Number of protein chains: 2
Amino acid sequence: MKKVLVCDDEIKIRETIYDYLCAKGFCVTLAENGEKAVYLASKQTFDLIILDVLMPGIDGFEVCRQIRKTSQVPVLFLTALGEEGDYLHGYSSGADDYIVKPFPLAVLVEKCNSIINRYSGENMQRILSVGEIVLNKDKFLVTVSGEEISLTNKMFNLLSLLIENQNIILSREQILNKVWGWDYDGDERVVDTHIKKLRKALGKEASHIHTVIGRGYVIKE
Amino acid sequence: MKKVLVCDDEIKIRETIYDYLCAKGFCVTLAENGEKAVYLASKQTFDLIILDVLMPGIDGFEVCRQIRKTSQVPVLFLTALGEEGDYLHGYSSGADDYIVKPFPLAVLVEKCNSIINRYSGENMQRILSVGEIVLNKDKFLVTVSGEEISLTNKMFNLLSLLIENQNIILSREQILNKVWGWDYDGDERVVDTHIKKLRKALGKEASHIHTVIGRGYVIKE
DNA sequence: CACACTTTTGATAAACTTAAGATAATCCTA
DNA sequence: TAGGATTATCTTAAGTTTATCAAAAGTGTG
């Protein structure tokens, strides 16, 4: 259950977002002004903070700056049309995003999910897993249903990459860049071959690896 | 190489801008009046359009309005002191900007670059929606009323294009250019077929896609 | 209302992608 | 550097997606 802090001065927006995000399975905390948001963010840890940019008192950007002194939590700004410009003038860290009001709630949810996934997947877990597959990056070890399997280097790196980006479709190009290096200039089809071998090695758990025609590969839970 | 269309009735200004922008690596096209600008904008795609506000015949704002019927290209207005007021009265989309004459050419280039950067590629919204349709460009995922639907590549790109240009009528030619690439030389009717499949895939939400006889297709909220 | 024109539809053919197997090249280590 | 393991390339076959075509349905105009 992901914890989200929502800060907006308008009660109607606050409550709408509250209801909708709760319904979608988030654990939501509300703040009606910037000070409260900064306070709450200092006391608890959230997976995501949603800030209205335009608020009386300290505005969203300032709240973000305050929070950033103690945390790298991703921030989603709610902006009015035309304010994106300011956003782009560098208040943001790479983790942040914005959404222009008015927005459909479904888009808000989609954004929350993708931001949270993006920046929780990246936190350098050393032991990763999907289904019955467990991958230990320190020991260079992979087990399937508890049974150790042996993978070659490339296969191991490929599997790591897929699992680190689970649910995200990776193109052959992206895979080539990360696993083979940017300077690789051979046939793109190497990836296919390695996927094939990986599938074979994973046995029944291979079903987690999906090929998406025209786009690449994904691994899913 | 970024393509810029410059429209100003004064030959001196036109040529000065032409020389300078060319020297700075832009690909510049000139128009000496509003009609020509509208015509050119309808025939080619530009990364940026620079319009003098005050021109004999149709003025810059009107040119912008015309162009906006078929494109979301960012517009930079050249205004005289005092005209900004009009600009601020809402002729602009979020993409636009203005610059007050006289201006140093270096400032013009700065503006051009920042506008083009801001509105190209990476800063585009990655999650789009129309009605109950939500499209996630990162995950290549489309949901209709929360239900995930599966689209082929072409269908996905077509839907993206439509939604990115919502409320703008796209001709088959424009669609072909963006989705199939400028070098596609097959039957124009492919578009129809793909629209058909898209409609089928979208179910009830297909009603957002309108066909405009003799013109093309639009998606509307 | 009829005509000319545009779009939709469904069927079918063509083009493209991927999987798999086999083989060649490369890398690594003893 | 020989030998085994790993990695890359190639070919073919199967499966999807995309393009084309022609008939049917729809639209707008005089």
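Biologist: Which element gives the largest share of the surface near DNA strand C?
Modeller: Helix 8 of chain A gives the largest share, with five residues. Keep in mind that this is a predicted model.

Biologist: How many residues surround DNA strand C, and which are the closest?
Modeller: There are 16 residues around DNA strand C. The closest are A:Lys196, A:Thr211, B:Asp192, B:Lys196 and B:Thr211. The elements giving two or more residues to that surface are helix 8 of chain A and helix 8 of chain B.

Biologist: How do the residues near DNA strand D divide by class?
Modeller: Nine are polar, eight are nonpolar and six are charged.

Biologist: Let's look at helix packing. At what angle do helix 6 and helix 8 of chain A cross?
Modeller: Their axes cross at roughly 85° and come within 10 Å. The range for roughly perpendicular is 65 to 115 degrees, so helix 6 of chain A counts as roughly perpendicular to helix 8 of chain A.

Biologist: Which residues make that contact of helix 6 with helix 8 in chain A?
Modeller: From helix 6 of chain A, A:Lys154, A:Met155, A:Leu158 and A:Leu159. From helix 8 of chain A, A:His194, A:Lys197, A:Leu198 and A:Ala201. By class, this contact has five nonpolar residues, one polar and two charged.

Biologist: What about helix 6 and helix 7 of chain A, at what angle do they cross?
Modeller: Roughly 125°, with the axes of helix 6 and helix 7 (residues 172-180) of chain A coming within 10 Å. That angle makes helix 6 of chain A oblique to helix 7 of chain A.

Biologist: Is the crossing of helix 6 and helix 7 of chain A left-handed or right-handed?
Modeller: Helix 6 of chain A passes helix 7 of chain A in a right-handed crossing.

Biologist: Which residues of helix 6 and helix 7 of chain A meet?
Modeller: A:Lys154, A:Asn157, A:Leu158 and A:Leu161 of helix 6 of chain A meet A:Ile175, A:Lys178 and A:Val179 of helix 7 of chain A. The residues of this contact divide into four nonpolar, one polar and two charged.

Biologist: What is the phi of A:Ser145?
Modeller: Positive, about 55°, although A:Ser145 is not a glycine. Most residues other than glycine have a negative phi. A:Ser145 lies in the loop between strand 8 (141-144) and strand 9 (147-149) of chain A.

Biologist: Is A:Ser145 buried or exposed?
Modeller: Exposed, because A:Ser145 has 12 other C-beta atoms within 10 Å, and the cut-off for exposed is 12 or fewer.

Biologist: What about the phi of A:Asn167?
Modeller: A:Asn167 has a positive phi of about 75° and is not a glycine either. A:Asn167 is in the loop between helix 6 and helix 7 of chain A. With 15 other C-beta atoms within 10 Å, A:Asn167 is partly exposed.

Biologist: Last one, chain A as a whole. How many helices and strands are in its secondary structure?
Modeller: Chain A has eight helices and eleven strands. Its C-alpha atoms fill a box of roughly 60 × 35 × 30 Å along the principal axes. Of the 221 residues in chain A, 28% are buried.

Technical notes. Residues are numbered from 1 along each chain as its sequence is written. Chains are lettered from A and ligands numbered from 1 in the order in which they are written. This is a predicted model: local features need pLDDT of at least 70, side-chain atom pairs count only at pLDDT 80 or more; totals for chains, interfaces and linings use all residues. Ala, Val, Leu, Ile, Met, Phe, Trp, Tyr, Cys and Pro count as nonpolar, Asp, Glu, Lys and Arg as charged, and the others, Gly among them, as polar. Axes are lines fitted to C-alpha atoms, for helices over the stretch in contact, and angles run from 0 to 180 degrees between N-to-C directions. Helices (H or I, at least four residues) and strands (E, at least two) are DSSP runs, numbered from the N terminus. Angles under 35 degrees count as roughly parallel, over 145 as roughly antiparallel, 65 to 115 as roughly perpendicular and the rest as oblique. A crossing is left-handed if the near helix is turned anticlockwise from the far one by less than a right angle, and right-handed if clockwise. Two residues are in contact if their C-beta atoms, placed from the backbone, lie within 7 Å. A residue is buried if 20 or more other C-beta atoms lie within 10 Å of its own, exposed if 12 or fewer, and partly exposed in between; C-beta atoms are placed from the backbone. A residue is near a molecule or strand if its C-beta atom, placed from the backbone, lies within 6 Å of it.
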